[in-house]
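Welcome, and thanks for taking a look at this protein with us. Please have the sequence and the model open side by side as you read.

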Amino acid sequence: MTRYETLADAVGGTPLIRLTRLAASVRPRVYVKVESSNPAGSVKDRAALWMLRAARANGSLPPGGTVVETTSGNTGIGLAAFAAHLGYRSVIFTSSAVSAEKRALLSAYGAEVRLVDSFVPKSHPDSLRSVAERFVTQTPGAWLADQYDNPANPEAHRATTGPEIWQDTEGRVTHLVATVGTGGTISGTGGYLKEVSGGRVTVVGADPLTSSYSGGDGSQKYVEGAGHFVHPEAVDDIWPQSLDTAVIDRYVAVDDRSAIDAIRRLAVTEGILAGGSSGVALAAALDVARDLAEDDVVVAILPDSGRAYLSTYFNDQWLVANGFRDDESAEVTLRSLIPADRRPLLVSRDELAGRALAALAGAGDTDPVLVVYRRDRELPPHPSEVVGWTTAKALREAADDLTVAQVSLPAPPRVGIGASAASALEAAHEADPLWTAVLVLEDGRAAGILARDELEARAAASGPPARAAIDGFVEIVL
Ligand SMILES: Cc1ncc(COP(=O)(O)O)c(C=O)c1O
C-alpha cells in the first residue's frame, strides 16, 4: 500500500532488511526491522497511536482534551505528532538534560514543552512523573498517556509489529531480538510471534549492561530508550506493567561502547543510520546469530534513526570527550596518568565524613576521591552519579556531624581518557573557570580524577599540542 488517506494509516508496515555485509560471517539470515520509517520517526509511533485511540475510545481523552506525557524521547514525539493530527493539545514534561534537537522536535509538532529539572526518584513530589500527574489533576480534559503502565502500548505491537514480521518472513522467523524500555515492543511483538509459531520463536531481550532487567546494577547509561535505570535513591526497583517478562527467553547484555560501535559499523557497511538502542539490538542479534544454523532467521528491531544522534554517537569530538575513543592527534593522552588497574576511590555523599574514611583504607592523604550517590554500584560511576570530590585528609579534618557532601568540592568537569593534557585543560577551563579537578571518563564512566595542579604540570611537561603532517612535510613537534 503506498497511498494513505490519513497519517495514522501510515504507521507500521516498516521495511525488513537483510544485512548482507555486516552479518556475512554468520550462518543464519539476519534482518533488521527499520522503525525509523514510521511517520514521526520511530517504533514509538505505534504505541503513541494505539494509546491515543484507546483513550479516545474509553473516554479518558475527551474531544478538545490535552495529551500529557513525561518523556523527551520518541513516545513524546509520536504523541505530539498524532495529537496534532487528531486535533488535541499536547504538553510534554521533560528535562533540560535532553538534547535541544529533541525539544525542538516536540515544539515543531506544536507540543508545549515544560522543563522539570530535579534528579529525584519517581515517587518524589518534584519528579517529572509527580509534576505531570499534578498537571493532569488540575487540568480539565487532560490525559496522561503513561506508556510504562498502559496496556495499549504492548497491544500496538501485538496488533502490528508481530504480524508484520511473521508475514514478511513467511513464518520463518526463529529469533526475535529487541530492546526493552517500557517493554511494549518486546512483549507485544514477542508475545504474538510465540503464539503464532506455537512457541517456536525464541525471544531475546537486548539490554544495556547496566540495566536491571538483565541483572545489571541499574546505573545510568548512554544509550537512550533501552534498559531500566534505577535512581540511586530509589527504595524499590519497580518495573513497568507494559513489560511481560514471561515472553523473554533470555537476555544479552551489551555495553555502551559495543552498542555505539555496532551502529557506526551498520552505517558504513550497510548504509543504515540507526540510533543507540538499535546498536544494543544489533550487537545482541549478531551475538545470538553466531551460535545458530543456516536455516535460522534472526530479526532485530531498530527503534529509531541515527539522525537524532549526529552530535553524539556519530561525532568524533563527543566520543573523545566521553572516553569512547582516543584523540588521534594527541601524542600522549590522559591514559598515561590514570593507572589501568585501579578503580577510582569512592565515598557516598550521605555518609558521615568520619565513617566514609573506612572505605579509603590504603589511600594517600591527598589522593582525590570521588563523591557519589552510592558507592555500592558494580560498575565505575556514570558521571551523572558524581556529585563532587574530596580527599581522605579533608574527611578526617571535618567536624563529626558533617556528611561527605557537606565537605566536598563541586563535581569536576568531565574529560575523556583519550584526550591530550592540553585539550583537557582547555575543556576544563571552558566548563568551569574555577575548576579544581577533572573527572576522567573511559567508555563513558569514571576512570579516575586528576587534581588541577597534576593536570597543569602534565600539560606544561608535554608542551603545545602536536602539529600534524601536512602535504608530506612532517612538522617537528617541539
Ligand atoms: C530509541 C528507543 N529505543 C528503544 C525503546 C524501547 O521500546 P519499548 O519502550 O517498547 O520497550 C524506546 C522506547 O521509548 C526508544 O525510544
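Predicted model: local features only at pLDDT ≥ 70, side-chain atom pairs only at ≥ 80, totals over all residues.

## A first contact

Contact here means that heavy atoms lie within 4.5 Å of each other.

## Domains and their meeting place

Stepping back, the protein is divided into three parts: domain 1 (7–42 + 151–309), domain 2 (44–144) and domain 3 (317–462). Taken over C-alpha atoms, the centres of domain 1 and domain 3 are separated by 35 Å.

How many residues bring domain 1 and domain 3 into contact? On the domain 1 side there are 17, and they meet 21 residues of domain 3. About 1,500 Å² is buried between domain 1 and domain 3, with carbon and sulfur atoms giving 53% of that area. Within domain 1, the residues that lose the most area to domain 3 are Asp-217, Tyr-222 and Pro-232; together they make up 41% of what that side buries.

## An open sheet of four strands

Next, have a look at the sheet whose strands run in the order β11-β12-β13-β14. This sheet is open, and its pairing is mixed. Its edges are β11 (346–348) and β14 (409–410), each of which pairs on one side only.

Strand β12 (residues 369–372) and strand β13 (residues 386–390) are joined by four bridges and pair in the antiparallel sense.

## A pocket lined by helix and strand

The second largest pocket holds about 430 Å³ of space. Its lining counts 17 residues, and those nearest the pocket's centre are Ala-321, Arg-414, Val-415, Ser-423 and Ala-427.

Which elements give two or more residues to this lining? They are α9 (316–321), β15 (414–416) and α13 (421–431). The largest share comes from α13, which supplies seven residues. By class, the lining of the second largest pocket divides into nine nonpolar, four polar and four charged residues.

The structure holds one cavity of 30 Å³ or more, and the largest cavity has a volume of about 40 Å³.

What lines the largest cavity? Val-332, Thr-333, Leu-334, Ser-336 and Leu-337 do, together with Ala-421, Arg-458 and Ser-462. Sorted by class, this lining has four nonpolar residues, three polar ones and one that is charged.

Methods. Residues numbered from 1 in each chain as written. Heavy atoms only, no water. Pairing = 2+ DSSP bridges. 1 Å grid on protein atoms, 1.4 Å probe; cavity = no way out; pocket = protein on both sides within 12 Å on 5 of 7 lines; lining within 4 Å. Points joined across faces, edges and corners; volume = space filled by probe spheres on them. Nonpolar A, V, L, I, M, F, W, Y, C, P; charged D, E, K, R; others polar. Domains from an automatic or database assignment. Buried area = accessible area lost by both parts, 1.4 Å probe.
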